[in-house]
Amino acid sequence: MDRYTRAQDGFDRIVAALAPERWDDPSACVDWSARDVLGHVVWGQELVRHQATGQQFASRVGAPGAPNPGQLIGADPLGTWRAARAAADAVLTPAALARVVSTRAFGELPLEGFLVALTTDFLAHTWDIGHPAGLEVRLDPDLVPGCFAWSRQFDMRLPGGIGPELTPAPDADEQTRFLAYLGRDASALVA
């Protein structure tokens, strides 16, 4: 939970720093605006909340690759994100974390295991929103190696998943190599 919470905190800092007029700008996710990325993350928090409480969740509005997940975000992007986070985090009890959940990408696993995937998702989407907006994005250096290892173990190169791997510079740091593996060009800035 500590790693997951730290990834959420880093994402929150970027969401809070994004200027209101930048939410409809393109993100680093193909075909998604910053608002769409945030809608996807909010959708993920709803998924976690449902999984933690054993409720069915059939919405695909914010699923990976879905068109227009930004529709889940109202006039207050930061408030919408924080409310979704608080609702999901409130039900992440030890019993909930041990609950076996069924996922499309990973099959059945304890919810705590699924949060490892979402930790990686938070790091990627922190970059996806912040970098194109010209914000300096330094991902938590203690989280990057584990998320990088997880990404290599569970290849998500499918429609709506991560993009094709890029080749970073030979002297690239761990964050840049991680982002390149996820198909993000850490050298390009679209501010």
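Predicted model: local features only at pLDDT ≥ 70, side-chain atom pairs only at ≥ 80, totals over all residues.
Started with Phe122: it is buried, at a relative accessible area of 3%. My cut-offs for the term are under 20% relative accessible area for buried, over 50% for exposed and partly exposed in between, with a 1.4 Å probe and protein chains only.

I number residues from 1 along each chain as its sequence is written, and side-chain values use heavy atoms, with hydrogens and water left out.

Next I looked up ring pairs. Rings of Phe, Tyr and Trp (its six-membered ring) pair if their centres lie within 6.5 Å; planes under 30 degrees apart are stacked, over 60 edge-to-face, the rest tilted. I get 7 aromatic pairs that way. Tyr4 and Phe122 are edge-to-face, because their planes sit at 65 degrees, with ring centres 5.7 Å apart. They link distant parts of the chain, 118 residues apart: Tyr4 is in helix α1 (residues 2–17) and Phe122 in helix α5 (residues 111–130). Helices here are DSSP runs (H or I, at least four residues), numbered from the N terminus. I checked Tyr4 too, and it is buried at 2% relative accessibility. Tyr4, Phe122, Phe11 and Trp81 form one aromatic cluster.

Then Phe148 and Tyr181. Their planes are at 50 degrees and their centres 5.9 Å apart, so I log the pair as tilted. Phe148 is in helix α6 (residues 144–153) and Tyr181 in helix α7 (residues 174–181), 33 residues apart. Both are buried.

Last, I found Arg152 over the face of Phe148, 3.9 Å from the ring centre. The rule I used wants NZ of Lys or CZ of Arg within 6 Å of the ring centre and within 35 degrees of the ring normal.

Methods
Helix = DSSP H or I, 4+ residues; strand = E, 2+ residues; numbered from the N terminus.
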